[in-house]
Amino acid sequence: MVLKEMTRPLSPALTEEHEMLLAAVRDFAGREIAPVAAEYDESSEFPIDTVRKMGEMGLMGIEMPEAYGGAGMDTLAHVLTMIEIAKADASHSTILSVNNSLYCNGILWFGTEAQKQEWIRPVASGEEIGAYSLTEPMSGSDAGNMASRAVLNEAGTHYLINGRKSWVTSAPFADRIVLFTMTAAEEKHRGITCFLIDTRGAGFSRGKTEPKLGIRASATSEIIFDNYACPVENVLGAVGGGFKIAMTVLDAGRIGIAAQSLGIAEAAYEAALDHARERQAFGAPIGSYQMIQQKIADMKTRIEAGRALIYQAILAKERALATGGRYTTEASMAKLFCSEAAAYVTDEALQIHGGMGYSKEMPLERYYRDARITRIYEGTSEIQRLVIARNELGLR
Ligand code: CAA
């Protein structure tokens, strides 16, 4: 038993298809995204043209079956893509992640065949943009505590939805949203239901787009429901089963954010490595000094430890999907460690660059700002620690 564990391969094997995907995404990210990343960061404009191109490449629904307009690949393919896109620009990877993980997965796992056909296809193919809405102005980490409401009409045909949801990534451009709201407030988290929302419907509007510290090209806003009539056919899963859907989907999403964090960290690390080789001080490259070497060693070690945790989470997810189990702890550990590693690596990489790192003429300060959100969204570092510890201790 122990031997088997110890000899387990460190990484999932890359197939020829993975290698081809990796080469294509690397080429695309380097050619189309990296050159415009700083410009979009500065303007906060949503990069619709490159997002459409990601759709044409099949990247907006990587794990969705081809029958629903996706690329029919696996979680490793999603992770490899996230790392490469995030290395070029974290904002693009945020849009990609929400579309793939938070929007599509829930419908694939909990939807009826008709819902999968209608709601996954346009978003997985990249023609439309998907979003996920859980957070409210007065509830973030305490996700089960919601003020928004959905009430079934007398005819039993529609739910009337009212309330405000906040921090919805991609909302200003989303055509479709997976929404969590209360249908029976007295039942607390068991009174939450998931709805499939078409944003073109009457009674739906958007609040202001949030001005953000980082990932500035990924648009985030409030959304407002004012007597929005949602047909009962658009309830996803069971009435009252929304919280479980939200949590199940976040487990997968957290692997994606771990990969995003790793991509940002790798970009900063590679820039630091180049700089340490080239920059001269006191008559030698700064990389020849032990204080810089220590930073390089610690950055590299954290990146590779993060990668190992991501691979472990992928394997745990595959096992869980095959057996009906969960991979919550592994996903949270990967997200926690990689997001904190990204903070450390981007900070040290900027430090190695000195004043140049602080300048907007180099991408270091953007990596540093972009990394910050990974410790907050899809569950803060504090929530990841709570989840890991509760599961380890067998507590609820
Ligand atoms: N998978 C499946 N079910 C789960 C689960 C999981 N990972 N985690 C919990 N559950 C189930 C429990 O088994 C329990 O089920 P029962 O009703 O059968 O008892 C139920 O959910 C309630 O569980 P808890 O008692 O543990 O719930 P809690 O209220 O204590 O909260 C929490 C747990 C982990 C703190 C959760 O609220 C949480 O994850 N909070 C953070 C939310 C978050 O990540 N928000 C970010 C939103 S997305 C975003 O960032 C914006 C964006 O657009 C990217």
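Buried means under 20% relative accessible area, exposed over 50%, and partly exposed in between, with a 1.4 Å probe and protein chains only.

## Basis

This is a predicted model, in which local features need pLDDT of at least 70 and side-chain atom pairs count only at pLDDT 80 or more, while totals for chains, interfaces and linings use all residues. Residues are numbered from 1 along each chain as its sequence is written, and side-chain values use heavy atoms, with hydrogens and water left out.

## Ligand site

Around the ligand there are 27 residues, and Ser141, Thr169, His189, Arg190 and Glu378 come nearest; a residue is near if one of its heavy atoms lies within 4 Å. By class, this shell holds 11 nonpolar, 8 polar and 8 charged residues. Here Ala, Val, Leu, Ile, Met, Phe, Trp, Tyr, Cys and Pro count as nonpolar, Asp, Glu, Lys and Arg as charged, and the others, Gly among them, as polar. Helix 7 gives the most to the shell, with 7 residues. Helices (H or I, at least four residues) and strands (E, at least two) are DSSP runs, numbered from the N terminus.

An oxygen atom of the ligand is 2.9 Å from a polar backbone atom of Gly379. Taken alone the ligand exposes 1,100 Å², of which the protein buries 85%; these areas come from the Shrake-Rupley method with a 1.4 Å probe.

## Glu136

Glu136 sits in the loop between strand 1 (130–133) and strand 2 (149–152). Its relative accessibility is 4%, so Glu136 counts as buried. A polar atom of the Glu136 side chain lies 2.6 Å from the backbone nitrogen of Ala147.

## Salt bridges

The whole structure has 25 salt bridges, each a side-chain nitrogen of Lys or Arg within 4 Å of a carboxyl oxygen of Asp or Glu. In one of them, the closest N and O atoms of Arg200 and Glu128 are 3.2 Å apart. Arg200 lies in the loop between strand 5 (192–198) and strand 6 (204–209) and Glu128 in the loop between helix 6 (113–124) and strand 1, so the pair ties together parts 72 residues apart in sequence. Arg200 is partly exposed at 48%, whereas Glu128 is buried at 15%.

Lys208 and Glu210 also meet in a salt bridge, at 3.3 Å from N to O. Lys208 is exposed at 57% relative accessibility, and Glu210 is buried at 17%.

Notes. Polar contact = N/O pair within 3.5 Å; in protein donor to acceptor, adjacent residues only side chain to side chain.
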